[in-house]
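Let's take a friendly walk through a protein model together. Have a look at the structure first, and then read on.

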Amino acid sequence: MSLTASGCVVVHGEREVLPSATRAEAAKALEQFTSAYNAADKAYDTSLDADHTTGALAAIDSARLKAGRANHPDGNPSHTPLELTDAEFTIPKKAGWPRWFVADAKGNKGGDTRWLLVFTRHGMEETWQAAYLTLVAPGKVPEFKTDADGWAEAVPANATDVAAPPGDLSKDYTAYLKDGGQTFADGAHTSAWRELRQKRSKRPGLVTQYIDEPLANGDYAPLALRTKDGGAAVFFSTRHYEKQTAAQGVSVPTPNEDVLALTDGEIKQSLTMEFVSNQIALDPADGPVSVLGRVQGLTSAKGE
């Protein structure tokens, strides 16, 4: 009686180390996401996939659909259904919530890139939601470490056995974009992006300023998986602002209709655009972090 009354015989699911999902559940989650995503894209209706997205992907996707609806109230005239095939699932064995897994699939959009989606949920009764979406070249997809049963290993946010703790990558990345440094390896989403922004900031008659902010709490929290080489593949989010200010007598370049649909105020001398970006990075045991893929979307804008 004392054992039963004290709760010592109760099994606490949130404390058990278990696979986040079965492979069948993961496949079903990807199928349901794709169906909802296509319905929302066809109708330009955010309500149709809101239950299947969260975090950075939800912020990017809902803004895209909002702009589309503003410009095409009757739906998407160029809708082509997304098809995800050849799917592989990497499912970590872990305790506690959120549970999550990675789907790696071939898409019929984006060339030959692989679509990497991270699905999360915070309870057994919740719907699996896609929090991250990045596109990675086929030969660049990380090789994940798995045990004898094929389950992956989640890397904690405060891990110290990698070059940078996964929980710090968002602030490390925004600091790098501002000041440079040695944390990140050169590449399209690091050194090349910094160079492009520096060039754009010096156009005659137009000043462009950039502000980068970490985005790492709640549904934007980074998620990491152990790789075969002992490092980690980390999915993380950031927020970016780009402000264009025209000199007296010069006009700010006219943005496209999707930007205008998300713009509050009148564009007279300046336009400030807010973006949410999600990245996948290879965080090695030693050496610089490599950003393998990045998907960014405009979420709002303000004219002044």
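The report below covers a sheet, the helices beside it and some aromatic rings.

This is a predicted model, in which local features need pLDDT of at least 70 and side-chain atom pairs count only at pLDDT 80 or more, while totals for chains, interfaces and linings use all residues. Residues are numbered from 1 along each chain as its sequence is written, and side-chain values use heavy atoms, leaving out hydrogens and water.

**The sheet and its helices**

Helices (H or I, at least four residues) and strands (E, at least two) are DSSP runs, numbered from the N terminus. Two strands pair if DSSP finds at least two bridges between them. Let's start with an open sheet of four strands, whose order is β2-β4-β5-β6 with antiparallel pairing. The edges are β2 (84-90) and β6 (129-136); each has a single partner strand, so one side of each is left without a neighbour in the sheet. On average, neighbouring strands of this sheet are turned by 25° against each other, direction ignored. Five bridges join β2 to the antiparallel strand β4 (residues 99-107), and Thr85 stands opposite Lys106 in β4.

Helix α2 (residues 23-43) lies across β2, β4, β5 (114-121) and β6, and runs at about 140° to β2. Helix α3 (residues 55-71) lies across β5 and β6, at about 80° to β6. For these angles, axes are lines fitted to C-alpha atoms, for helices over the stretch in contact (heavy atoms within 4.5 Å), and angles run from 0 to 180 degrees between N-to-C directions.

**Aromatic rings**

Rings of Phe, Tyr and Trp (its six-membered ring) pair if their centres lie within 6.5 Å; planes under 30 degrees apart count as stacked, over 60 as edge-to-face and the rest as tilted.

| Pair | Type | Centre to centre | Between planes |
|---|---|---|---|
| Phe101 and Trp128 | edge-to-face | 5.0 Å | 70° |
| Tyr132 and Phe235 | tilted | 6.0 Å | 45° |

Phe101 lies in strand β4 and Trp128 in the loop between β5 and β6, so their pair ties together parts that are 27 residues apart in sequence. Tyr132 belongs to strand β6 and Phe235 to strand β9, so this pair ties together parts 103 residues apart in sequence.

Phe101 is buried at 0%, and Trp128 is buried at 8%. Tyr132 is buried too, at 0%, as is Phe235 at 0%.

Note on methods
Buried means under 20% relative accessible area, exposed over 50%, partly exposed in between (1.4 Å probe, protein chains only).
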